[in-house]
Amino acid sequence: MAYLDNIHSPADLKKLTISQMKEVASEIRKAVLNRDSLVGGHVGPNLGIVETTLALHVVFDSPTDKIVWDVSHQSYPHKILTGRANGFLTPEGMQHISGYTNPDESDHDFFKVGHTSTSVSLACGLAKARDLKGQTHDVIAVIGDGSLSGGEALEGLSNAAVLGSGIIVIVNDNEMSIAENHGGIYTNLRLLRETNGEAACNMFKAFGFDYHYVADGHDLEAMIRTLQAVKGTQKPVVIHVHTQKGKGYAPAETHREAWHWRVPFHLTDGTPKEQMSGENYNDITYAYLSDKIKKDKTVVAVNAGTPGVFGLDADRRVALGAHFVDVGIAEEHAVAFSSALAKGGCKPIFFVMSSFVQRTYDQLLHDLAINRNPAVIVVAWGGISGADVTHLCTFDIPLISNIPNIVYLAPTTVEEYVAMLDWAVDQKEHPVVIRMPRSVIHEKTAVEKDYSSLNTYRVMQSGTQVALIAAGSFFELGRQVAGELEKQGVIPTLINPRYLTGVDEVLLTALKEKHQVIATLEDGVVAGGFGEKITRFYGADPMKVLNFGAKKEFTDRVAVETLYQRYHLTPELIAADILTALHSK
């Protein structure tokens, strides 16, 4: 890398000519592709923002001037230009750089951000702090990839427009969210693109922003001129930039949805280095959904801008037709929308990834649970993982299971999952959430079809001394723990609780007769979770209760194997802890 090897900060970039900067743009794209091809990551958004990022760092003085990146899907070029190129060029460097902005890595990053629609709100706070302290630097929010459809983006824009001082919002319009855009906001963006920014109907001007349009966001000179014109502004300004998602890499330009994020791939043709195959819950869910809709035209699938998480590709979305609704990246709206669909006599199923559930708390409580509307929510990817700190999926059980009126189910097998889903869709008494299992395991015995008798656990193996209550994806771990205990002469009772929202008081009372230790296993944070409900039930009883799950902490790209050791979540460690408790006075 002739230029990147010598760029350690934006100051080095400023020394180059425009012609040389265009070479830097090419090197940045190669670096992005190098990292993504080796470890996976966001491809299309980063390839499309290169020239805009170069212009930002030429015109402004980061980190004195503060650039806030929305979602961080578009932050790779920024990272490369701010002293972190090794995170994209060498395997060693990649281990130390996350896929998101991170103040622990660089003074040029101001927030750990991996969720959508937050940049303008964060920038508003930085601008107000600047004003109160009598400072004069610029504050810039960079937003795109569908983030404008999130409610917080509109809240931020509304506040920024009346802040009474300078703030710059870069709207990176690549005509896409993760998949295609949804919502009236994007109708206006399209109109502005088609009229070269001249349309009288301009939502940004309506808010109160000065507005600039750059038709070709890959024209470096045009980007620099536009940014120089607004540098030091005392007004709220929007710069609407039209870019191409995946710019410079043919597969990413052609298949923009598939190349939003990518597992490791071969650079020559873009094919994955490891082919995913075998039965999976996305296919199982789609098969159920398709069949159900054929029989019942009131069933509708709802998603908030992440259809790929559930395998709902373009062909499947077309096949579902009016029975699939993408509300944009707006999980809050999706919950309220689903609640109202249920109230209106339909049978909505909202599909959401665990780490995005946090954004829905008020709607879960207020719009759904208080009203007891029988909407169904399917939560995917719930569990302990080696994910980035912004995409941890360990908090959904405490969050959801403590809201009154909601029934949170944790199936353990394919058959139980489908049965629970079918019951949830057809019943009319409760809002129901189902935590999609992480491993495809088939049931060897018949499963129940009716789950209306709430909080009744299922005893899978009867024993004495020790009872294992293993929820959802951790039920198989419970089986393995039982095997370890049996090696030591202890035949435990093994229980599938099925319900995460309550306790089976009859069963738990009966366990007192022949058991001295209860161990709960859950694939999530223990604090406030399922297991602590069991601990609270026994209270002052002599029963010893051990809760196994994740510690209440934020982890960042820590290997699952490391976390399992840290949390004592291997069969051997769990069994050892149980035996210690069993034999202690």
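Which residue forms a salt bridge with Arg-438, and how far apart are the closest N and O atoms?

## Salt bridges across the chain

Arg-438 forms this salt bridge with Asp-523, and their closest N and O atoms are 3.0 Å apart; a salt bridge here is a side-chain nitrogen of Lys or Arg within 4 Å of a carboxyl oxygen of Asp or Glu. Since Arg-438 lies in the loop between β13 (432–435) and β14 (458–461) and Asp-523 in strand β17 (residues 515–525), the pair ties together parts that are 85 residues apart in sequence. Asp-523 is buried, with a relative accessible area of 2%, while Arg-438, at 37%, counts as partly exposed; buried means under 20% relative accessible area, exposed over 50%, and partly exposed in between, with a 1.4 Å probe and protein chains only. The structure is a predicted model, in which local features need pLDDT of at least 70 and side-chain atom pairs count only at pLDDT 80 or more, whereas totals for chains, interfaces and linings use all residues. Residues are numbered from 1 along each chain as its sequence is written, and side-chain values use heavy atoms, with hydrogens and water left out.

In total the structure holds 30 salt bridges. Another of them joins Asp-210 to Lys-235, with the closest N and O atoms 4.0 Å apart. This pair links distant parts of the chain, 25 residues apart, with Asp-210 in strand β5 (residues 210–214) and Lys-235 in the loop between α12 (220–230) and β6 (236–242). Asp-210 is partly exposed at 32%, and Lys-235 is partly exposed at 49%.

## Helix α14

Helix α14 covers residues 281–295, and its 15 residues reach 21 Å from the first C-alpha to the last, close to the 21 Å expected at 1.5 Å a residue, where the expected span is 1.5 Å times one less than the number of residues. Helices (H or I, at least four residues) and strands (E, at least two) are DSSP runs, numbered from the N terminus. At the start of α14, a side-chain oxygen of Asn-280 reaches to within 3.1 Å of the backbone nitrogen of Asn-282.

Among the buried residues of α14 are Tyr-281, Ile-284, Leu-289 and Lys-292. The buried residues of this helix pack against β8 (299–303), α15 (314–320), β10 (347–353) and α19 (414–426), contact meaning heavy atoms within 4.5 Å. Lys-292 also belongs to a network of salt bridges that links it with Asp-296, Lys-347, Asp-422 and Asp-426.

## Helix α20

Within helix α20 (residues 475–487), Glu-484 and Lys-487 lie 3 residues apart, about one turn of the helix. These two residues form a salt bridge, with the closest N and O atoms 3.1 Å apart. Glu-484 counts as buried at 18% relative accessibility, whereas Lys-487 counts as exposed at 61%.

## A buried asparagine

Asn-496 lies in strand β16 (residues 493–496) and counts as buried at 1% relative accessibility. The side chain of Asn-496 makes a polar contact with the side chain of Glu-416 at 3.0 Å; a polar contact is a pair of N or O atoms within 3.5 Å, where within protein one must be able to donate a hydrogen and the other to accept it, and residues adjacent in sequence count only if both atoms are side-chain atoms. Not counting residues up to four places away in sequence, Asn-496 touches several residues, including Ala-410, Tyr-457, Met-460 and Phe-475.
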